[in-house]
Amino acid sequence: MDASPDTPLRPHAAASHPAQRRVSLVIGARDDANTIARAISEAADALGQSAADYEIVVVDDASADGTADIVLAAARENDRVRLIRLPVSKGYGAALRAGLAAARFELVATLDPSGRYDPADLADVIPLAERHDMVAGEREGGAETPASRLCSFVFNTLARLLLGPGMRDPLCGLRVYRRTCLAAIAPESSDGFAPAEMLSTARKVGLSVVNVSVSQLPPSAAGRAARWRERCKTTGSLLRHWWLRELFPSADNERVGGRAWFWFGLVLLALVAGLQLFSNLHYPLFEPDEGRYAEIAREMLSSGDWIVPRFYGGPYLDKPPLFYWLLAGSFRLFGVQDSSARLVPATAAWLTILATFFFVSRALGARRALMAGLALVLSLGFVVAGRFLILDSLLTLWVALALFTAREAIQGRRLRWGWWCASAVCCALGLLTKGPVALVLLAPPVFAYGWLMRSPGRPRFIAWCAYLALVAAIAGPWYAAMVARIPKFAVQFLWNHHVLRFFEGVNHPEPTWYYVPVLLLAGLPCSLVLVSYLRFQFSRRPETAVQRPRASGFFLLWAAWCLAFFSAASCKLPPYILPAFPALAVLFGVYLDHLVFSLSRAAVLGDAGRRRARFSAAVVCLGGVLITWSGWLLGTEAAWETFCESALFAGALAGVWFLGRKIPSPVVWAVCGAAVFFVTFEANREIVPAWADSRSPLPDAGQAAEQLLREPGVHVIVYGHEWGSVPFYLNRDDVEHFDVDTLDRLTKSVRKHERTLLVYKREQNIDAIRKTLGPEMEISAIGDAGRASLAVVERRGQAARVGGKRRR
């Protein structure tokens, strides 16, 4: 018979046993008084048939039902039975470890005394150990209940997925080992996961392992209840083992790069991020989000009401006020203008990049922190979204700071309360920015990381209560004030805008896979090497696994939870996943550091490394050519500028593609990074402003509209679309807004004024408005701007020709 990790052998009894075969049988027992005597007796009979000499070592794990007394009685009848007592219960794994250490013979077998295995199988299994380092039992038969079979199937499938395809029935308690191999596969787990750990380690170190079919007997009713509890603990141990021994096996070489790397990286990132984020912030506000948020802040500054956010004079209950407070402060310092508004999210994105560099340098070293910072500052989605006037950039800053400081708090032997309180303060600011989502994004990765790492400093119940109390003390007063001012706020904000929006997704419902293409596009250029990164991150090869620093596991949990949470939500928009970008940048930064600094020279200069670098640089340079010509088509660049920039990108593309085989891949990666910077910079300087201008309802509306707006007493109405940029740019508090279904209210408002400027969506039918207003009012279209049309409404007989053109 040949050893096979995939197909279990069906052993037959040996005709005779070698005269020199000696076997130690280890039985770990806890409260097994009902089955231990029978297990010892039947095991002795089986060993007597398959070995010239044997011993039965029973390790009593502090049983409370007299198990030890029964074993002592058996030892008086059979001097080959030994008892080892553990004064305190430490788990099945600890008992197994003690028994294996006490075994004296060259073959060591293990047996679970619960009555689920037939000890007679030992006579068939032991002879196979002469040809293999380890003989692993694989249970067969229908003794388990359907629920137990399902649980076993789920656990075994999970074990094969995480630890490798050779994990067939990893928890079977009937095994035989060569004693000389035990030192290499001794289990560290103290619970029922120990057999699975030994099987995984044996395959990893290259031992010869064979699977053997063994019988399975039905457990007692009491045994079934105990097994359910043991399964939960064992599953947790499986996850911890995979995390600490497979995914992040090395706790060494955590920090790389000294002070020179730190200061060089800090200055470089501050300059590059500043150029990307703060250049050319003055262009029309995008509708509807940028116009809405800018106008809310303007009305807050104008009214002096810093508690209730207002939009077109009415309460706006969807978002908390911190973003508006910062915008209003920027308006007071720099004036009410679009560049002052965008300064807030751009500063938040800039601080996020620097905070990522600072905290990652503490965890992984300045060199990896620089790679992570570059991955973030060159990320197309993060930089573009960071300049948009939306809440997600500020939320990302608070969530990132809360998670960074929480990790610092739980790293030591005890909880560091200073960092823990700092995390709570940042979380509270996140609650004041976008609501409870800040706490939802923080708590699961912090809890999971502490549990997986078995960190002695992980927060306990009291620490979490203190955390929530500090969050409530900072964020609670505003929420209480809002409920006191507007009682329906609690239902509207918490239930309608968060709970129902998460599950029902009335606004922007999208499928679960929605963020896959979003990440691929927004993650450029890092997403170009996504496949290679995934191989690096989840490879089981020991030489690759040791390159993954254990501290980076926190950022893997952070990114995975953020993406999973927003993918599960029914309502989805691309900026929602912005809080995952700092963690994703750290993960890619570790991989980039591995590519550039950790691989051997042969690997760096090898064909595979050069192909990845050439492909990424070529795609980015091609994108640069397309961006420059897009700017020319939009009329934002002169022809000679477009030609020069296109020639530059085309030259870089040709050089990388044709000379890249002779250039070291780190140089090609540097070219790729520079090209990404210029592509993103060009997009932010030319493409995005041109796009905003094409959608704005006011700029370039025509001389007639500008003249009309300067006249005193002209009433302004926005109809069919909220267009918050209209009152923002006019800096007026009396602009009215009406939805499509409120045409009767619009009519009443128009009839109160002699002259009204009407801003409405271009595709709307103005004839319906004209019919509702009646013959006494006259509507004259005066121009189009972006997606909006403008018209003036006057009383007939008093109308003055506007712009030399009139439509009836």
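Mentor: This is a predicted model. Start with helices H15 and H16, whose crossing is left-handed.

Trainee: What makes the crossing of H15 and H16 left-handed?

Mentor: A crossing is called left-handed if the near helix is turned anticlockwise from the far one by less than a right angle. The crossing of H15 and H16 is placed in that class.

Trainee: Why are H15 and H16 called roughly antiparallel?

Mentor: H15 covers residues 392-410 and H16 covers residues 417-434; they pack at about 160°, with axes 8 Å apart. Angles over 145 degrees count as roughly antiparallel, and H15 and H16 are therefore described that way.

Trainee: How do you know which residues of H15 and H16 meet?

Mentor: Contact means heavy atoms within 4.5 Å. Among the residues in contact are Trp398 and Leu401 in H15, and Trp419 and Cys426 in H16. By class, this contact of H15 with H16 has 13 nonpolar, four polar and three charged residues.

Trainee: What makes E3 and E7 edge strands?

Mentor: The open sheet of seven strands runs E3-E2-E1-E4-E6-E5-E7, with mixed pairing. Strand E3 (81-85) and strand E7 (209-215) each pair on one side only, and they are the edge strands. From one strand to the next, the twist averages 20°.

Trainee: How do you know that E1 and E2 pair?

Mentor: Pairing needs at least two bridges. E1 (residues 22-29) and E2 (residues 53-60) have eight, in the parallel sense. Arginine 22 stands opposite aspartate 53 in E2.

Technical notes
Residues numbered from 1 in each chain as written. Predicted model: local features only at pLDDT ≥ 70, side-chain atom pairs only at ≥ 80, totals over all residues. Heavy atoms only, no water. Axes fitted to C-alpha atoms, helices over the stretch in contact; angles between N-to-C directions. Helix = DSSP H or I, 4+ residues; strand = E, 2+ residues; numbered from the N terminus. Parallel < 35°, antiparallel > 145°, perpendicular 65-115°, else oblique. Nonpolar A, V, L, I, M, F, W, Y, C, P; charged D, E, K, R; others polar.
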